[in-house]
Amino acid sequence: MTIAAKRTADPTGRSSPTAPRRFQLLRYRLDLKASPYLYIAPFFVLFAVFGLFPLAYTAWVSTHEWSLLSDAHVFVGLGNYQTLLGDRYFWNALGNTLSILLLATVPQLLAALLLAHLLTLRLRGQTFWRMGMLLPNVASVVAVAVIFSQLFGRDFGLVNWVLESLGAGRVDWQSGSATSHIAIAVMVAWKWTGYNALIYLAAMQSVPREVYEAAHLDGASRMQQLFHVTVPMIRPTIVFTVIVSTIYGLQIFAEPQLFGGGGPNGVTGGASRQFQTLTLYLYEHGFNRGFEFGYASAVAWTMFLVIVLVALLNYLFIRRIRSDS
Amino acid sequence: MKTRPIRAAMAAAAAAALALTAACSGGGDDDGKITLSVGLFGDFGFGPLYEEYTKLHPEIEFEERIAEFADHHTNLTTHLATGSGAADIEAVEVGYISQYTAQPDRFHNLLDLGAADLEGQWLDWKWQQALSKDGESLIGLGTDVGGMAMCYRRDLFEQAGLPVERDEVSALWAGSWEDYVEVGRLYSAATGGDSFFESSGNMFRAMVEQADEGVYDREDNLVVESNPAIGDAWDLTVEAIEAGMSNRLQAWTPEWNAGFNEGTFATIICPAWMTSYIETNAPDSAGLWDIATVPGGAGNMGGSHLVLPAQGDHPEEAYEFIEWLTAPEQQLKVFESTGNFPSTPGLYEDEALTGLTKPYFNDAPVGQIFTAAAQAVRPQYQGPLQGDVLATIGQGLGRIEDGSQTPDEAWTQVLADLESF
């Protein structure tokens, strides 16, 4: 703005360009050509410094025997990856992560869809309900995990108290595989269902009314409208939420860590590693005895590849929604 | 001229920002004050002592950072490795001290700062634990020691028809841990299967701490498989688990904390520092808990040192403070206020220490009990990954407790897991 103002004020006086004039012209051209790049540069500079560089450096570290406790870094090539693929605790962690991901994401997105559908109906206090959806998401992960860990407590947990008063037995949520996965999935779902519901709601509001009217005339019920009209119409949004939830779900850390309590079970995800996720596995090797950063970096890169793979599979799967409609 | 005021405003804002940052960074040492940061796990009861010290040395101020037990040591290791972020003064628990004495150059050598003349002040083994392998540098000064006793619930013992007075209770298991397990059987039978103790890992650890040799030999080799004391402790613990005596709790979890008040278990191994933990965790149970002697002789569990990471900027001031803080007079004050037992034997004859009782524990003579416990401790060598090894074995016991493995499977997996250490 300032440049433009100057430019209109300046060229009145002189007709023949002198040296300073030419310099000004040059500066102006440079400004015009380079400025846009300069404006967007901060993002790319920051991304390079905090995104690209660490990524590349992690790859470099992963090819070394690199402990935080010693200054010698021995090059081992793909040795860390080899050890990793041969470690049954890694496969165990991968299995746990996928299981928790499924348990958390599928019900969560279905519930979000239903909630969003309900929110499109005419409700009293619409803003209140919509804002309320976002509240669990605003709470810190740690607070959520701490509170839910107490709810799922074995002796004094609210969930067990309810189960018992309903006549069902107490459940030691932490010690079983399935039970611990369910408990962790509930924490994730509680935090993210409302968030996804709002995203779906936004997408649903851009679906033209006429489509629904046509469906209504054809005698489609509300549920049929949801699954045969709304879902295909908001497919890009569904793809987005599925991929974002997948990425989040494959990286969950705070929930299982806090669920395991302050001792060694918080690192290994239970005494039998029944709820150790990939990130916890990474943490166990990177930030525990040994501080094996080389190995932990190999875990990080393997996780990255797993995430890309799963996201890709999800994308292909979700794309079929269109062909069905 | 719309641009001028905007520019002027921006310049003013920039100038203000600069001035602010200048003001902030200038607030530190310029006024002659030195702030010492102190990194602890849990409350060490130093609060009133900071104030007292600031009265003596007005130029020193304190900033206490408290983290959780496991996080504290992980963070400290990371900060040492990366060369920044550690507090001026850090607490290190005994299970981790060898890990740090193995890298003495990361700490200020306290022998150079004036500790060389003070050796006789501490229990010999407490002093040794903070010495580097070559004996050239001392990285920490001892705070408390964890001579063991056994805390028990009077009300639950009474309901089970067991003796209630502490001398009689001590006599129940005076012979050995086998007697303790026998009492556990009686207790379970009388109560219809209530838990006798909180976690098998703690019972196992107590037995190991009493042995001459623990999980490491003096050359830092793991001897878990070959040391008969470990095998015996494992077997007896498994026996207790199979008899259903364990409450299957994990230390430092909310359920465990609640158990002290709710009485879900009747006994717990009680190093001196545990008494204050019980007291703060179960304020409503005053008078219900009491303290007897531990089976199997004396042993040390826990206790800490204060170390000065080399990255700290005020070694002299920090040293002067921890020398004062770990002096007998101050250790006595900490004991009186929290129950953490002094590591300076000079106090063990002192009436002020031996005469101390705790109303919460039914007026148990904690001074006498823990003095006797501390004096009888035979030092055990602590290897570099002591804490982690014990945690790994504890998890093996946990797998037996929750029924996911048989004792043999659990033991095999423990040994396999230890291979990777």
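Let's start with strand 4 of chain B, which is joined to strand 7 (residues 289-292) of chain B by four bridges, the two running antiparallel. Helices (H or I, at least four residues) and strands (E, at least two) are DSSP runs, numbered from the N terminus, and two strands pair if DSSP finds at least two bridges between them. Across these bridges, B:Met150 has B:Ala292 of strand 7 as its partner.

A quick word on what you're looking at: this is a predicted model, where local features need pLDDT of at least 70 and side-chain atom pairs count only at pLDDT 80 or more, while totals for chains, interfaces and linings use all residues. Residues are numbered from 1 along each chain as its sequence is written, chains are lettered from A and ligands numbered from 1 in the order in which they are written, and side-chain values use heavy atoms, with hydrogens and water left out.

Back to strand 4 (residues 140-153) of chain B. Here 14 of the 14 residues are buried, so this strand is largely enclosed by the rest of the structure. Buried means under 20% relative accessible area, exposed over 50%, and partly exposed in between (1.4 Å probe, protein chains only). Strand 4 of chain B also pairs in the antiparallel sense with strand 6 (residues 265-271) of chain B over five bridges, with B:Ala149 opposite B:Cys270. Another antiparallel partner is strand 8 of chain B, again over five bridges, and there B:Val145 faces B:Gly303.

One link to look for is B:Glu93 with B:Ser304. Strand 3 (residues 89-93) of chain B is mostly covered, with five of its five residues buried. In a regular strand the side chains alternate between the two faces of the sheet. In strand 3 of chain B, B:Ile89, B:Ala91 and B:Glu93 point one way, and B:Glu90 and B:Val92 the other. Strand 1 (residues 34-41) of chain B runs parallel to strand 3 of chain B, joined by two bridges, and B:Val38 stands opposite B:Ile89.

Now hop over to chain A. The charged end of A:Arg273 sits over the ring of A:Tyr89, 3.8 Å from its centre; this counts if NZ of Lys or CZ of Arg is within 6 Å of the ring centre and within 35 degrees of the ring normal. Finally, find A:Leu38 in helix 2 of chain A. A:Leu38 is exposed, with a relative accessible area of 58%.
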